[in-house]
Amino acid sequence: MTDAFIVLFGVLALVFAGLVLWLRQPMRSALALVAHMICLAAIYACLGVHVIALFQVLIYVGAVMVFMVYTIMLLDDRDSAYAHRFSGTLVPGVLVAVAVAFALWRLLGPAVPDLPAGPGGAPFGFTAFATAFMQQYWLHFELATILLLVGVIAAWTVIREER
Amino acid sequence: MARYELLLTLAVALFALGLLGVMVRRNLLVVVMSLELMLNAVVLSFVAAAAHTQTLHGVAMTFFIYVAATCEIALAMALLVLLVRRRGTLDLAAGQELKG
């Protein structure tokens with residue numbers, strides 16, 4: 001049953017990803033991207049990785065995509081980029097994407113030997129995740145906060161530059 | 001097809017779709033969204049590996065990818081608004097006259 005849900009949400013994720021590329025209006029593309037991310041969150045939930053499913057909805061859909069939607073609302077919808085969907089590199093682009101997909105599938109797919117299994121159990125609960133995070137990854141966590149701070153300062157500097 | 005292979009195949013397909021969007025779309029906003037598609041494909045492959053091995057490394061890496069994606073989008077949107085105000089368009093074809 002779980003596998004059926006994973007296949008269903010996987011197909012939906014692919015369809016919505018295709019719509020992101022196909023739709024003309026960026027607002028519609030953004031909404032398709034939101035639906036795509038929600039499908040991925042459902043896949044993570046089916047896999048039992050509830051921490052990441054929650055992060056996917058809270059951080060990606062709740063923060064990143066809302067930020068993007070606000071930016072779209074700031075921009076003029078009579079832009080020439082709205083009238084023409086694709087650039088002149090459509091055919092080479094499709095060929096390169098197919099070649100990259102084939103190469104990646106050959107590298108990641110059947111050629112890869114099975115990954116070694118961990119100690120077992122389900123380490124994806126919130127308690128286990130938080131404990132392991134604070135014990136094993138605390139330095140990375142601190143570095144991530146610095147990266148976030150640098151990102152905020154950089155964005156603020158860009159906006160100030162414009163003024 | 002086993003679940004792990006299925007998820008990796010899905011991740012590869014999503015990455016290729018994102019790459020296609022980066023290469024063929026003219027709208028700068030949709031190009032940024034295609035980059036997000038590629039990042040999501042990478043996250044999916046990490047989560048699939050973590051679920052397959054029942055270890056936490058892939059999940060922790062995913063958390064850091066989210067942090068990097070948040071920084072990226074904040075900076076990308078600021079740059080995009082700045083670029084649109086200077087050039088007056090989101091069209092990538094309008095940037096062909098860039099020099100130096």
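Figure 1. The model is predicted: local features need pLDDT of at least 70, side-chain atom pairs count only at pLDDT 80 or more, and totals for chains, interfaces and linings use all residues. Residues are numbered from 1 along each chain as its sequence is written, chains are lettered from A and ligands numbered from 1 in the order in which they are written, and side-chain values use heavy atoms, with hydrogens and water left out. Helices (H or I, at least four residues) and strands (E, at least two) are DSSP runs, numbered from the N terminus. How many residues does α3(B) have? It has 31, and its first and last C-alpha atoms are 44 Å apart. That is close to the 45 Å expected at 1.5 Å a residue; the expected span is 1.5 Å times one less than the number of residues.

**Figure 2. B:Q54 has a positive phi in a loop of chain B.** The phi of B:Q54 is about 55°, although this residue is not a glycine. The loop lies between α2 and α3 (57–87) of chain B. B:Q54 is partly exposed at 25% relative accessibility. Buried means under 20% relative accessible area, exposed over 50%, and partly exposed in between (1.4 Å probe, protein chains only).

Figure 3. A:I6, A:G10, A:A13, A:A17, A:V20 and A:L21 are buried in α1(A). An α-helix has 3.6 residues a turn, so residues three or four places apart point the same way. What do the buried residues of α1(A) pack against? Their partners are α2 (26–46) of chain A together with α1 (3–24) and α2 (28–53) of chain B. Contact means heavy atoms within 4.5 Å.

**Figure 4. A salt bridge links A:D3 and B:R3.** The closest N and O atoms of the two residues are 2.8 Å apart. A:D3 lies in helix α1 of chain A and B:R3 in helix α1 of chain B, so the pair joins two chains. A salt bridge is a side-chain nitrogen of Lys or Arg within 4 Å of a carboxyl oxygen of Asp or Glu. The structure holds one salt bridge over all chains. A:D3 is partly exposed, at 41% relative accessible area. B:R3 is also partly exposed, at 35%.

Figure 5. Not counting residues up to four places away in sequence, B:S34 touches A:L21, B:G18, B:G21 and B:V22. B:N40 is in helix α2 of chain B too. Its relative accessibility is 0%, and B:N40 counts as buried. Which residues does B:N40 contact, leaving aside neighbours within four places in sequence? They are A:H36, A:M37, A:L40, A:Y44, A:Q56 and A:Y60.

**Figure 6. Ring pairs form a cluster that includes residues of chains A and B.** The cluster links A:F55, A:F133, A:Y137, A:F141, B:F63 and B:F64. Ten aromatic pairs are found over all chains. The ring centres of A:F133 and A:F141 are 5.7 Å apart and the planes lie at 80°, so this pair is edge-to-face. Rings of Phe, Tyr and Trp (its six-membered ring) pair if their centres lie within 6.5 Å; planes under 30 degrees apart count as stacked, over 60 as edge-to-face and the rest as tilted. A:F133 is buried at 5% relative accessibility, whereas A:F141 is partly exposed at 27%.

**Figure 7. The charged end of A:R160 sits over the ring of A:W156.** The distance to the ring centre is 5.2 Å. A charge sits over a ring if NZ of Lys or CZ of Arg is within 6 Å of the ring centre and within 35 degrees of the ring normal.
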